[in-house]
Amino acid sequence: MLLHLLPMLTCSLFVGEAHGRVTWNRTDVTLASQDCPGGYSLVGDKCLMFVTFAAEPYQGARYFCHTAKGELAAITTATDFKNLVDYIHANGFFGRTFWVDGTDEAEEGVWVTSSGDAVPLGTPFWAAFENKQQPDNALGNEHCLSIPSAWFLYMNDVSCSDTKHFICEATFQRQGEVASAALVPVGPSAVGGRVTCPILFVEVGGLCLMFVTWAEQTWGEARQMCAGASGDLLAITDVEVLRAVYLYIHAHGLSGNTFWLGGSDLESEGTWVYTTGEPVPMGTPFWGLSDMSAPSQEPNGGTRENCLAIGNFYNFRDYSCGSKFYPLCIYRG
């Protein structure tokens with residue numbers, strides 16, 4: 001089927017599905033006043049085409065995208081990732097597995113895009129279960145990057161010969177396009193700008209945070225400790241803040257510790273809110289996964305686990321509020 005479709009893609013095409021059949025609408029490939037070429041949709045600041053009518057091996061998917069004046073979609077920032085996941089859910093694409101741009105075929109464990117940019121590792125990108133995070137090269141030949149719905153669209157490494165749907169990204173340079181995230185500093189100045197923090201607090205993602213690693217406490221006690229330091233338990237609503245916290249923890253020898261955040265569903269089971277009144281963001285790319293053999297997504301503790309913490313791979317997980325972890329405080333002044 002692919003050989004018949006590729007010549008047609010030399011024109012810009014809108015590709016979709018209607019009542020089980022492929023629909024094609026020819027449109028002008030020139031940008032004119034539109035944000036994206038025909039066949040592509042604006043997702044965040046990227047022009048993406050979701051190819052759901054065909055499944056190809058990784059290299060076949062790349063060839064298809066090249067013919068459509070694109071490349072497999074690259075995910076290099078946490079915001080890119082969240083925008084993509086949200087779009088998939090909002091447009092009825094969930095239930096499929098997609099190829100995206102990334103491989104470690106050249107050097108095991110060194111993941112790069114086709115343009116040579118680094119594919120970010122760790123949270124919030126790669127699937128994380130209780131005691132294991134991808135990529136793991138489990139079969140010894142898993143060198144290409146996919147986002148499977150079975151794993152709630154978190155990244156996973158699989159064999160490049162598998163056949164999957166795929167996402168193309170238009171390769172033209174949009175006005176005002178930002179630099180690749182692999183080249184943009186990720187850390188204190190990446191979110192929120194520069195700030196001056198009081199003693200015991202450190203700047204992370206433009207916020208003043210205190211990682212209390214000298215006293216494990218219940219969730220209620222942790223709230224009181226933060227309040228005593230003119231703060232509160234941290235509320236993470238921005239995925240870039242989650243990434244900045246993850247990177248800080250690993251860069252400063254804090255991995256292995258579990259930290260309380262300010263979220264709970266104590267007032268209404270299943271309705272997660274922060275102490276600030278803000279809703280806790282749900283789903284991918286915030287909450288971790290459970291049971292690799294039959295994956296489910298946190299929160300999953302029901303009435304037994306009503307408070308929010310980050311540990312192990314630093315996705316969100318629900319725990320008993322009586323558990324004792326370290327407070328992660330934000331300075332409120």
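K46 and D80 form a salt bridge in this predicted model, with their closest N and O atoms 3.9 Å apart. A salt bridge here is a side-chain nitrogen of Lys or Arg within 4 Å of a carboxyl oxygen of Asp or Glu. K46 belongs to strand 4 (residues 46–56) and D80 to helix 3 (residues 78–90), so the pair ties together parts that are 34 residues apart in sequence. Helices (H or I, at least four residues) and strands (E, at least two) are DSSP runs, numbered from the N terminus. Both K46 and D80 are buried, where buried means under 20% relative accessible area, exposed means over 50%, and partly exposed lies in between (1.4 Å probe, protein chains only). The pair also takes part in a network of salt bridges that links K46, D80 and E169.

Residues are numbered from 1 along each chain as its sequence is written, and side-chain values use heavy atoms, with hydrogens and water left out. As the model is predicted, local features need pLDDT of at least 70 and side-chain atom pairs count only at pLDDT 80 or more, while totals for chains, interfaces and linings use all residues.

Across the whole structure, the search finds 8 salt bridges. One of them joins R62 to E71, with the closest N and O atoms 2.7 Å apart; E71 is buried, at a relative accessible area of 12%. Another brings together the side chains of K82 and D86 (2.7 Å, N to O). These two residues both lie in helix 3, 4 residues apart, which is about one turn of the helix. K82 is partly exposed, with a relative accessible area of 25%, and D86 counts as partly exposed at 34%.

Next comes H165, a residue of strand 9 (residues 164–170). With a relative accessibility of 19%, H165 counts as buried. Its side chain reaches the backbone oxygen of A54 at 2.9 Å, and a polar atom of the H165 side chain lies 3.5 Å from the backbone oxygen of T52. Leaving aside residues up to four places away in sequence, H165 touches V51, T52, F53, A54, A55, R96, T97, F98 and W99, where contact means heavy atoms within 4.5 Å.

Helix 4 (residues 219–228) has W219, A222 and C226 as buried residues. Seen down the helix axis, the buried residues fall within an arc of 55°, so they line one face of helix 4; the arc is that of the directions from the helix axis to the C-beta atoms. The cover over these buried residues includes strand 12 (231–233), strand 13 (259–264), strand 17 (307–311) and strand 19 (326–331). On the face turned away from the buried side, helix 4 carries the exposed residues Q224 and G228. S230, which follows helix 4, has a positive phi, near 60°.

I199, L200 and W214 make a nonpolar patch of about 410 Å². Patches are made of residues with over 30% relative accessible area and no salt bridge, like charges being joined within 9 Å and nonpolar side chains (Val, Leu, Ile, Met, Phe, Trp, Tyr) within 5 Å. Accessible areas come from the Shrake-Rupley method with a 1.4 Å probe, and for residues only the protein chains shown count as cover. W214 sits in the loop between strand 11 (207–211) and helix 4, and W214 is exposed, with a relative accessible area of 54%.

Note on methods. Polar contact = N/O pair within 3.5 Å; in protein donor to acceptor, adjacent residues only side chain to side chain.
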